Amino acid sequence: MEKAALQKLTVLCLICAFAVVALLGVTAFSDGKREWKDYQLQYKDELLKKMTRERNPAYYDRIAGMQPEIKQVTVDEWKTVDRCMSCHMGTEDPLFADAASPLKTHPYPELLKKHPVEKYGCTICHGGQGLATTYHGASHKTIANWPFPMVPKGLMQSRCGYCHKDFEAIGADKLVKGRQLYQEMHCSGCHQIDNQGGAVGPDLSNFADKDPSNFSYDKLDGNHSKQVWVMEHFKSPQKVSPGTPMRTYALNNEQIECLSSYVLSLSQRNLQRQYTPAVKAGFVAPKVDVTVPEADLSLEDGGEEE
Ligand code: HEC
Ligand code: HEC
Ligand code: HEC
Ligand code: HEC
């Protein structure tokens, strides 16, 4: 009897030991398959091809000895940890101008000089999930129920407005145009921005800071993100918010992007001094409730667009 029990125990131990070894093996394998590691190895290979050892042996050897590691930037100010650079290795490297994404040099190196990656990270401008280390997880494409997807290309300037109020000074043409449309179309008849305008609709002064969960996505076909909500709402307020007094304006796609970028830029965040750009002496943000003659933009009683 004793002997049989001992035998059973031995078998059990063996099974357990085997399971542990197998589990370790699987973990090590999937670890080795991580996408970011492949991009880093690819970066290393390509970088080594672009240089010769003779010119700078120490640097060459350092690159040759490079081991894959998570790269990250922590920004206390907006409580983010961005790991995007773990894949986007060439972002600040001019040698990678012709490389494929994600190794490619950033299209606006001058912009990154003004907003250094180690101080700003990426998500303050691009959105997305900074902590993620997979393509899917970083939210390049919308993920269901992740309310902070990457900012679509056409709306990138909305982020500049978080910090910059002088849109002209930084050449943010979409924000300039968006604000102008806002004036021409009398949006201030119903909305307030910085205490200017009416109170029929919601105050838009901090529209950028409004949580995406405040919006109803029932009537949306597209991705359920705040950015999509805003654009669809401008295309047809009635469809997205049934019963709203907001009418349908005849807007082309570019105008929708400008107007959406503008409202999505309206933030009341108090940023630390180091993230607050200096403005030209005497700069005053243009009033938004001025009466500017409206171009022929409205459709009769909210009818369908062309
Ligand atoms: C696992 C690797 C990986 C991580 C992590 C990653 N990316 Fe990417 N990214 C890619 C690849 C691969 C592409 C190119 C494929 C493509 O264009 O969709 C890409 C493309 C992009 C583009 C080009 C536009 C687009 O969507 O096609 C942007 C912008 C971008 N990434 C931003 C980011 C930001 C911001 C983060 C961090 C939140 C991030 N990426 C994290 C791999 C990654
Ligand atoms: C100061 C704001 C800012 C920061 C910080 C920033 N970007 Fe960008 N990025 C932009 C703008 C603006 C564009 C141009 C989008 C467009 O084409 O309209 C852009 C474009 C890109 C593109 C090319 C998109 C495309 O479709 O061609 C990639 C990739 C990218 N950024 C990755 C990154 C990564 C990775 C980081 C962090 C290491 C980063 N960016 C940091 C503002 C920023
Ligand atoms: C988190 C805040 C923040 C965001 C977001 C941001 N910026 Fe800036 N930006 C700054 C600060 C702070 C400076 C001043 C840096 C300095 O003093 O050199 C600056 C400087 C600049 C400058 C140089 C201005 C000058 O007078 O030298 C330009 C151009 C600029 N930003 C454009 C942009 C654009 C375009 C975007 C959007 C894609 C953007 N910024 C997003 C904070 C921000
Ligand atoms: C006749 C009054 C009226 C006019 C004019 C009007 N809106 Fe609205 N707007 C509303 C009301 C009411 C709501 C809330 C119901 C809804 O979602 O449509 C709203 C909602 C919004 C929202 C979503 C706000 C939030 O926090 O949910 C935005 C953004 C917006 N309007 C922008 C604009 C812009 C830009 C214009 C000018 C093109 C405009 N509105 C013109 C009445 C108006």
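Mentor: A polar contact is a pair of N or O atoms within 3.5 Å. Keep that cut-off in mind for this predicted model.

Trainee: What makes K114 and ligand 3 a polar contact?

Mentor: A polar side-chain atom of K114 sits 3.3 Å from an oxygen atom of ligand 3. The limit is 3.5 Å, so the pair qualifies.

Trainee: Which histidine side chains reach a nitrogen atom of ligand 3, and at what distance?

Mentor: The side chain of H115 places an N or O atom 2.7 Å from a nitrogen atom of the ligand. For H164, a polar side-chain atom lies 2.8 Å from a nitrogen atom of ligand 3. Both values fall within 3.5 Å, so both pairs are polar contacts.

Trainee: On to ligand 4. What coordinates its iron atom?

Mentor: H191 does, through NE2, and M246, through SD, at 2.0 to 2.2 Å. A donor must be an N, O or S atom within 2.8 Å of the metal, so these two atoms qualify.

Trainee: Why is the arrangement around the iron atom of ligand 4 called octahedral?

Mentor: There are 6 donor atoms, and their angles run from 87 to 177°. Six donors count as octahedral if opposite ones are over 155 degrees apart and all others lie between 65 and 115. The iron atom of ligand 4 is therefore classed as octahedral.

Trainee: What does the pair H191 and M246 tie together?

Mentor: H191 lies in the loop between α8 and β3, and M246 in the loop between α10 (237-240) and α11 (253-264), so the pair links parts 55 residues apart in sequence.

Trainee: Are H191 and M246 buried or exposed?

Mentor: Both are buried. That puts each under 20% relative accessible area.

Trainee: Which polar contacts does ligand 4 make?

Mentor: A polar side-chain atom of H191 is 2.8 Å from a nitrogen atom of the ligand. H233 brings a side-chain N or O atom to 2.7 Å from an oxygen atom of ligand 4. For T244, the corresponding distance to an oxygen atom is 2.7 Å.

Trainee: How many residues surround ligand 4, and which helix gives the most?

Mentor: The shell has 21 residues, with C187, C190, H191, K210 and M246 among them as the closest. Helix α9 (residues 226-235) gives the most, with 3. The classes are 15 nonpolar, 5 polar and 1 charged.

Trainee: Now the backbone. Why is H186 called partly exposed?

Mentor: Its relative accessible area is 33%. Phi of H186 is near 55°, positive in a residue other than glycine. H186 is in the loop between α8 (173-184) and β3 (192-193).

Trainee: And what makes N195 exposed?

Mentor: N195 has a relative accessible area of 69%. Exposed means over 50%, so N195 qualifies. N195 also has a positive phi, about 65°, without being a glycine. N195 belongs to the loop between β3 and β4 (196-197).

Trainee: Is the peptide bond from S101 to P102 cis or trans?

Mentor: The bond is cis, with omega near 10°. P102 lies in the loop between β2 (80-82) and α4 (109-114).

Key
Residues numbered from 1 in each chain as written. Chains lettered and ligands numbered in written order. Predicted model: local features only at pLDDT ≥ 70, side-chain atom pairs only at ≥ 80, totals over all residues. Heavy atoms only, no water. Near = heavy atom within 4 Å. Polar contact = N/O pair within 3.5 Å; in protein donor to acceptor, adjacent residues only side chain to side chain. Helix = DSSP H or I, 4+ residues; strand = E, 2+ residues; numbered from the N terminus. Nonpolar A, V, L, I, M, F, W, Y, C, P; charged D, E, K, R; others polar. Buried < 20%, exposed > 50% of the residue type's maximum accessible area, 1.4 Å probe, protein only. Donors = N, O, S within 2.8 Å, 3.2 Å for Na, K, Ca; no water. Tetrahedral: all angles 85-135°; square planar, octahedral: opposite > 155°, others 65-115°.
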